Amino acid sequence: MGRFVLKADSVSKIVHMQLEGTFSNEDGLKTMQAYQQTVNPITASEYSLQIDCRKLNVTAPDVVPLLESCFIMYKSDGFQQVTLALENNPLLKMQLSRLGRKAGLENMLIVPSFQE
């Protein structure tokens, strides 16, 4: 089961998202709804999106289209920067990199951890 935490920090202009576990389509849809409720009240182009994927598992093939639509949503929202924190998981890194490129998310960066 996938879990997520989402919050917008209006002072630092960062939307923080933390993902962990294995997401089903249902988990993904719940995450997308919460994401939209968090992002709709703000001007995303003034914010960066930081997604902590360090406890996330590789996405199953049947859920990949939903994940791809998330990347397309991040692109269309127009964040200044989309940063994914990811460590010691080359398969997940390849999967997320490929989906980011496919969605045209040119301002995506994958880092080992966020600078606090």
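Colleague: Let me start with a glycine: is G28 buried or exposed?

Modeller: Keep in mind that this is a predicted model. Burial is read from relative accessible area, and under 20% counts as buried. G28 has a relative accessibility of 9%, so G28 counts as buried. You will find G28 in helix α1.

Colleague: Which residues is G28 in contact with, leaving aside its neighbours within four places in sequence?

Modeller: Those contacts are F23 and L66.

Colleague: R3 is charged, I see. How should I read a salt bridge?

Modeller: Side chains of opposite charge can pair when their charged atoms come close. R3 meets the side chain of E20 in a salt bridge, at 2.6 Å from N to O. This pair links distant parts of the chain, with E20 in strand β2 (residues 14-21) and R3 in strand β1 (residues 3-9), 17 residues apart.

Colleague: How many salt bridges does the structure hold?

Modeller: The structure holds five. One of them joins the side chains of E46 and K13, at 3.4 Å from N to O. Here too distant parts of the chain are linked: E46 sits in the loop between α1 and β3 (48-56), K13 in the loop between β1 and β2, and 33 residues separate them.

Colleague: Which residue forms a salt bridge with K102?

Modeller: That is E68, with the closest N and O atoms 3.5 Å apart. The pair links helix α2, where E68 lies, to helix α3, where K102 lies, across 34 residues. E68 counts as buried at 18% relative accessibility, whereas K102 is exposed at 56%.

Colleague: Now the aromatic rings. What should I look at in a pair?

Modeller: A pair of aromatic rings is described by the distance of the centres and the angle of the planes. A search of the whole structure finds three aromatic pairs. Y35 and F79 form a tilted one, 6.5 Å centre to centre with 55° between the planes. Y35 is in helix α1 (residues 25-39) and F79 in the loop between α2 (64-77) and β4 (82-85), so to speak distant parts of the chain, 44 residues apart. Y35 and F79 are both buried.

Colleague: Where do F71 and Y74 lie?

Modeller: Both are in helix α2, three residues apart, about one turn of the helix. F71 and Y74 form a tilted pair, 5.9 Å centre to centre and 55° between the planes. F71 is buried at 2% relative accessible area, and Y74 is buried at 6%. Ring pairs link Y35, F71, Y74 and F79 into a cluster.

Colleague: Which residues form a nonpolar patch on the surface?

Modeller: V58, L91 and M94 do, with about 300 Å² of accessible area together. L91 belongs to helix α3 (residues 90-102), and L91 counts as exposed because its relative accessibility is 56%.

Terms used:
Residues numbered from 1 in each chain as written. Predicted model: local features only at pLDDT ≥ 70, side-chain atom pairs only at ≥ 80, totals over all residues. Heavy atoms only, no water. Patch = residues over 30% accessible without salt bridge, like charges linked within 9 Å, V, L, I, M, F, W, Y side chains within 5 Å. Areas by Shrake-Rupley, 256 points an atom, 1.4 Å probe, with all protein chains shown as cover. Salt bridge = Lys/Arg side-chain N within 4 Å of Asp/Glu carboxyl O. Helix = DSSP H or I, 4+ residues; strand = E, 2+ residues; numbered from the N terminus. Buried < 20%, exposed > 50% of the residue type's maximum accessible area, 1.4 Å probe, protein only. Phe/Tyr/Trp six-rings, centres within 6.5 Å; stacked < 30°, edge-to-face > 60°. Contact = heavy atoms within 4.5 Å.
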